[in-house]
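Biologist: Please show me the model, and then I will ask about it piece by piece.

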Amino acid sequence: MPLTSSTLSLAQARRVALRAQGLDRPRAARTAPATMRQFQQVVDRVGLLQIDSVNVLARAHLMPVFSRVGPYDTALLDRAAGDAPRRLVETWAHEASYVPPATYPLLGWRRRDYLSTAWGIIRDVPLQHSGLVTEIRALVAAHGPMTASQVQVFYEADHPRSRTGWGWNWTAAKRVLEFLFFTGEVTPARRNASFERCYDLTERVLPADVLARPAPSDADAVRALVEISARAHGIGSLRCLADYSRISTARATPAVADLVEAGTLVPVAVEGWNRTAYLHRDAALPRRAHGRALLSPFDPLVFERRRVEELFGLRYRIEIYVPADKRVHGYYVLPFLHGDRLAALVDLKADRRAGVLRVHAAHSVPAGVGRTDPDVPAALAAELRLLADWLGLGEVAIGTPGSGALGDLAPALVAALATAHDVAR
């Protein structure tokens, strides 16, 4: 539908956002495995894949592609990020992320300004380990790609690993390598089977054509990043557009103004929003949204939690670091998108030893948020079955071992799974 009005209803804004993310329609039916072309289409659309090491279900960077194309061979991502010429490289964007190589130079301002953009454990490395920085840079140049564990072997005698304390508890080698990674001197050439970064010199990782391009000015780079964000959002506030690549609103404000002046962004009002929204000129408004997907807590659609609350009426938080007795919805909770609504929240775990996808809890959206759709349990059951198949799990089980099903949606979900099982037989 053409976008000709300067005011959008909340439902229209939701559909614009879902189209921009490729989540407004059912996945295309396939008779063959997903291809690198389909994988690349997702990357081109969303602009980045956030990396997170939590592996309760599936690693965060793997899920957005599944949510949009369905089951696929995750070796596609390994090839895209680990084989030259790379289609993805690691850097700090929206936290640690895979980005297309062309995006990497646009984040140079962050790497140069590490004193104000990096946190202390990285920022202070030149003060604490200046000699090691030079030595480890040379070691990687001579022997890379290398993991932090491999590098630490050379320095264990003088800088032994600490076994006490809390948190990351990084070795001296890991700290130095992460400093060199943050500042752009080294870049992961791949991840190994243990999900460790294998660091190499950046000039040996980035494609030659990217290395040959002149470095953009800071203003041009930020403007380009904001446009990537705006295209991936379809519609968003200044805060939304800045958050996608973790840009400060102060830095993003002139970029947005430039894009408005150029006609790339169009200021609009969204029903219920108390601030200006910006519509990308290529954004489309589908007549309806009728896709469905389980979304990782780190999916680009739900990066910015205020946006989720305003667009979908759902206050969503990840509760991994919340004490168990204070959690509302569970430990690793995924929103379930059904049509144009986030209709349920499910706490999932891949029990790989037992071969079971465990649904620890299933909650419908909080009372008073949107409408209750009687089709949700069956649709969610089908999506859980698809997810289990992709993860190589033979069964979907509701509730934790030794306890009943948790959450108001659980009984209906149990019935829907039983019905689907009976039909399959």
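Biologist: How many helices and strands are there in the protein?

Modeller: This is a predicted model, in which local features need pLDDT of at least 70, side-chain atom pairs count only at pLDDT 80 or more, and totals for chains, interfaces and linings use all residues. Residues are numbered from 1 along each chain as its sequence is written, and side-chain values use heavy atoms, with hydrogens and water left out. Helices (H or I, at least four residues) and strands (E, at least two) are DSSP runs, numbered from the N terminus. On that basis the protein has 18 helices and 14 strands.

Biologist: What is the radius of gyration of the protein?

Modeller: The radius is taken over C-alpha atoms, and the globule rule is 2.2 Å times the number of residues to the power 0.38. For 425 residues, a compact globule would come out near 22 Å, and the protein agrees with this at 23 Å.

Biologist: What share of the residues in the protein is buried?

Modeller: Buried means under 20% relative accessible area, exposed means over 50%, and partly exposed lies in between (1.4 Å probe, protein chains only). Of the 425 residues, the buried share is 52%.

Biologist: Is E309 buried, exposed or partly exposed?

Modeller: E309 sits in helix α16, residues 305-312. Its relative accessibility is 36%, so E309 counts as partly exposed.

Biologist: Which residues does E309 touch, not counting residues up to four places away in sequence?

Modeller: A contact means heavy atoms within 4.5 Å. With residues up to four places away in sequence set aside, E309 touches L314, R315 and R317.

Biologist: Why is strand β11 said to be largely enclosed?

Modeller: One face of β11 carries V333, P335 and L337 and the other L334, F336 and H338, all of them buried. Strand β11 spans residues 333-338 and is largely enclosed by the rest of the structure because its buried residues number six of the six.

Biologist: How many bridges join β11 to strand β12?

Modeller: Two strands pair if DSSP finds at least two bridges between them. Strand β10 (residues 292-294) runs antiparallel to β11, with three bridges, and R292 has H338 as its bridge partner. Strand β12 (residues 341-351) also runs antiparallel to β11, and P335 is partnered there by L345. The bridges between β11 and β12 number six.

Biologist: Which residue in the turn between β11 and β12 has a positive phi?

Modeller: The two strands form a hairpin with two residues between them. A positive phi of about 70 degrees belongs to G339.
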